[in-house]
2 protein chains.
Amino acid sequence: MELKGACIFGQSGGPSSVINASAYGVFRAALESECITKVLGAAHGIKGVLNEQLFDIGQEDAETLSLLLQTPSSALGSCRYKLADPSKDDTDYKKILEVFKKHDVRYFFYNGGNDSMDTCNKISRYMQQVGYECRIMGVPKTIDNDLAGTDHCPGFGSAAKYIATACAEVWRDAHVYDTGTVTIIECMGRNAGWLTAASALAGLNGCAPDLICLPERSFVVDDFIARVGECYKMNGSCVAVVSEGIHDAEGTLISEYASQNLAVDAFGHKQLGGAAAWLTREVKDKIGAKTRAIEFSLLQRCAAHSASATDVEEAYQCGRLAVLAAVSGVSDKMVAMRRIDDIGYKIVYDYVDLSVTANAEHKIPESMLDGDYGVTPEFFDYAMPLILGEPDMKVEDGLPKMAWLKKVLV
Amino acid sequence: MELKGACIFGQSGGPSSVINASAYGVFRAALESECITKVLGAAHGIKGVLNEQLFDIGQEDAETLSLLLQTPSSALGSCRYKLADPSKDDTDYKKILEVFKKHDVRYFFYNGGNDSMDTCNKISRYMQQVGYECRIMGVPKTIDNDLAGTDHCPGFGSAAKYIATACAEVWRDAHVYDTGTVTIIECMGRNAGWLTAASALAGLNGCAPDLICLPERSFVVDDFIARVGECYKMNGSCVAVVSEGIHDAEGTLISEYASQNLAVDAFGHKQLGGAAAWLTREVKDKIGAKTRAIEFSLLQRCAAHSASATDVEEAYQCGRLAVLAAVSGVSDKMVAMRRIDDIGYKIVYDYVDLSVTANAEHKIPESMLDGDYGVTPEFFDYAMPLILGEPDMKVEDGLPKMAWLKKVLV
């Protein structure tokens with residue numbers, strides 16, 4: 001059962017406010033483990049393995065590492081790199097194997113979302129095929145909260161807290177004048193509307209958005225404008241929150257109404273954004289109201305200053321438990337969280353097969369959707385506990401301190 | 001010297017994170033004052049006086065009032081209403097006088113920026129002219145920090161803290177990939193670049209923007225793109241922060257390059273925004289880099305969750321001291337702050353003539369500007385103390401609590 005060797009940890013996909021909290025969990029547990037002989041961090045995820053850009057985490061000082069708990073956005077660097085199907089092209093896999101052998105890597109921890117779990121899964125199957133003994137664990141991360149096999153994902157709680165807080169603040173701002181205004185806010189979330197739905201939590205503060213438009217529903221522009229118009233007429237103002245991924249019944253994104261040539265990343269995902277701006281122009285034309293479009297853009301995924309303490313702790317535990325599980329013999333799994341019901345909010349950690357999570361998408365269930373423009377109390381019960389708690393931030397010169405790793409290459 | 005009567009307090013212009021802290025300062029001091037017989041809050045600033053929409057602040061409970069310290073965005077409602085020149089049209093002034101007489105109003109406190117101080121000044125001169133005894137005090141407020149006669153303005157410190165924090169976070173996010181990206185952030189500040197300059201404070205965290213473009217300088221599109229290109233070539237990425245008010249040598253706004261029909265408010269100010277979006281398209285065309293535009297939009301003026309404790313305290317004191325001064329006989333002044341040098345950051349409060357501040361604009365002095373795209377250490381010495389301190393926020397359900405006033409009309 002005991003397997004001695006080095007480990008590599010990599011961060012992949014879009015960053016989050018707490019992705020480095022998971023890194024800290026991995027690093028601390030790995031540095032303390034007697035089985036793990038060297039702790040390596042890959043620069044820019046799997047690309048750092050392929051390019052042999054590996055940092056010796058043992059060279060970092062403890063205080064800097066602990067600041068990872070409050071440092072947003074992939075301290076090791078991230079990537080959006082798609083490994084080929086190994087049956088068609090195994091070049092990358094051979095290179096990974098070579099690097100693993102060279103550094104006696106027996107543990108590989110990969111922190112990311114759906115695509116990253118797919119990467120883990122492919123590497124794992126390849127290593128089994130060639131008979132190279134190593135243990136591979138996925139650490140969940142995505143603000144989108146769309147990973148299957150886990151109650152929720154580290155990163156979501158902090159992004160949800162930021163969105164709820166900012167929506168409440170914008171709501172107050174949008175209501176100060178008596179002249180009326182339509183504000184349309186755009187949140188991330190390509191196919192799953194969790195982040196956009198999180199804007200509903202601003203209602204806990206008395207600042208509920210009037211309309212919430214999720215990619216789980218088809219978006220009908222005329223109906224939306226009619227609803228905005230009704231609300232504007234009744235209240236003198238309207239705050240709507242839309243997902244970047246809203247699309248019409250044919251599946252055409254509203255973003256594409258605005259710009260027909262959206263850039264595409266390595267995984268074929270279109271670079272979204274612009275839906276709110278396009279909609280405000282339509283609303284202005286049709287209703288004549290003063291409008292404002294606000295895209296939360298990168299802010300929602302990097303606003304560590306507004307992180308949820310619950311999320312930070314869970315992200316840390318997911319990283320730590322990936323290491324403890326691997327050392328004890330578990331492999332080809334992603335750390336997952338299960339919610340124990342009926343006794344308030346309590347999480348137990350678990351492991352799910354990489355194949356369950358790879359490329360699957362966890363959308364908002366029907367029971368949490370209320371009509372075309374709202375969420376049910378079940379969503380509140382689900383999401384509210386995830387935004388609880390203020391982290392105890394270390395501050396310097398009025399700004400939250402950040403970790404700057406030495407990044408000593410091996 | 002003693003003048004007994006009611007007071008009216010109003011909030012005007014764009015909201016800020018701490019405008020309600022000033023309201024709390026006014027309310028507490030006024031409620032405790034023996035000279036002030038009734039404390040009234042005007043709905044939507046001077047419009048609430050004109051429409052006789054006046055709330056009885058004495059009906060509010062103490063706990064709700066204290067939450068004003070952490071509630072963003074004009075709890076009484078705001079306005080952008082320009083009083084006519086009284087020599088041409090004194091209708092509004094007659095109405096104000098009528099309302100003052102009806103409620104025995106002897107004190108008027110008005111919280112706002114340049115335009116609001118102009119409003120105060122006009123009312124004050126009218127009341128003197130008609131011989132109605134009342135004391136009128138301006139309470140400074142503007143995130144833009146462009147009020148003359150004071151070292152800085154309540155609202156600026158919190159907005160600056162938010163901008164510096166968010167810029168540092170976005171900087172980290174913009175540097176996670178090795179594929180390179182140009183990020184252009186847009187901050188508010190029509191003619192004065194203080195907010196945009198505050199992005200330089202992110203450098204205290206190791207995340208300094210590469211280029212800072214202020215309205216104090218003429219903006220040359222080709223030169224900017226060349227500088228972005230150089231930076232992108234050298235570092236593989238570039239983070240630039242531009243003011244919404246950047247303009248070419250002829251004075252044409254870059255926002256107007258994007259949209260030639262900008263909406264105009266009651267004071268003739270154009271509704272800005274869109275400069276960053278336009279510039280990213282230019283950069284993409286000319287350099288071919290992946291680009292992203294981020295407008296901080298309303299977030300920078302309402303992000304009370306990231307307020308500066310220094311700013312909250314100063315905003316509170318400005319409100320409180322306006323009342324104490326008026327009660328002791330001062331009138332036609334705005335509360336101002338003077339920085340006492342050579343002994344670290346220390347502020348003394350003072351009063352300046354309304355005529356000094358009305359419609360004047362305090363821009364960044366030349367000594368704080370470094371070339372076309374940066375600021376000098378003098379700017380850091382000036383701005384850093386203003387973002388210090390984390391307010392002790394009351395939180396409920398994971399969100400900062402907000403004050404909801406009863407708003408009982410008199």
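Which strands of chain B does helix α6 lie across? This predicted model gives the answer in the third view below.

**View 1. Two helices of chain A cross each other.** Two packed helices are described by the angle between their axes and the distance between the axes. Here the pair is α1 (residues 19-32) and α12 (residues 309-327) of chain A, with axes that come within 7 Å and cross at roughly 35°. The crossing of α1(A) and α12(A) is right-handed. On the α1(A) side, look for contact residues including A:A21, A:Y24 and A:R28; on the α12(A) side, A:V312, A:Y316 and A:R320 are among them. Sorted by class, this contact has 13 nonpolar, 4 polar and 2 charged residues.

**View 2. Chain B holds an open sheet of 4 strands.** Reading across, the order is β7-β8-β6-β9, and the pairing is parallel. At the edges stand β7 (211-213) and β9 (291-295), each with a single partner strand, so one side of each has no neighbour in the sheet. On average, neighbouring strands are turned by 15° against each other, direction ignored. Zoom in on β6 (residues 181-187) and β8 (residues 237-243) of chain B, and you'll find 7 bridges joining them.

**View 3. Helices α6 and α10 of chain B lie across strands of chain B.** Back to the opening question: α6 (residues 156-174) lies across β6, β8 and β9, running at about 165° to β6(B). Helix α10 (residues 275-287) of chain B also lies across β6, β8 and β9. Its angle to β9(B) is about 170°.

How values were computed. Residues numbered from 1 in each chain as written. Chains lettered and ligands numbered in written order. Predicted model: local features only at pLDDT ≥ 70, side-chain atom pairs only at ≥ 80, totals over all residues. Axes fitted to C-alpha atoms, helices over the stretch in contact; angles between N-to-C directions. Left-handed = near helix turned anticlockwise from the far one by under 90°. Contact = placed C-beta atoms within 7 Å. Nonpolar A, V, L, I, M, F, W, Y, C, P; charged D, E, K, R; others polar. Pairing = 2+ DSSP bridges.
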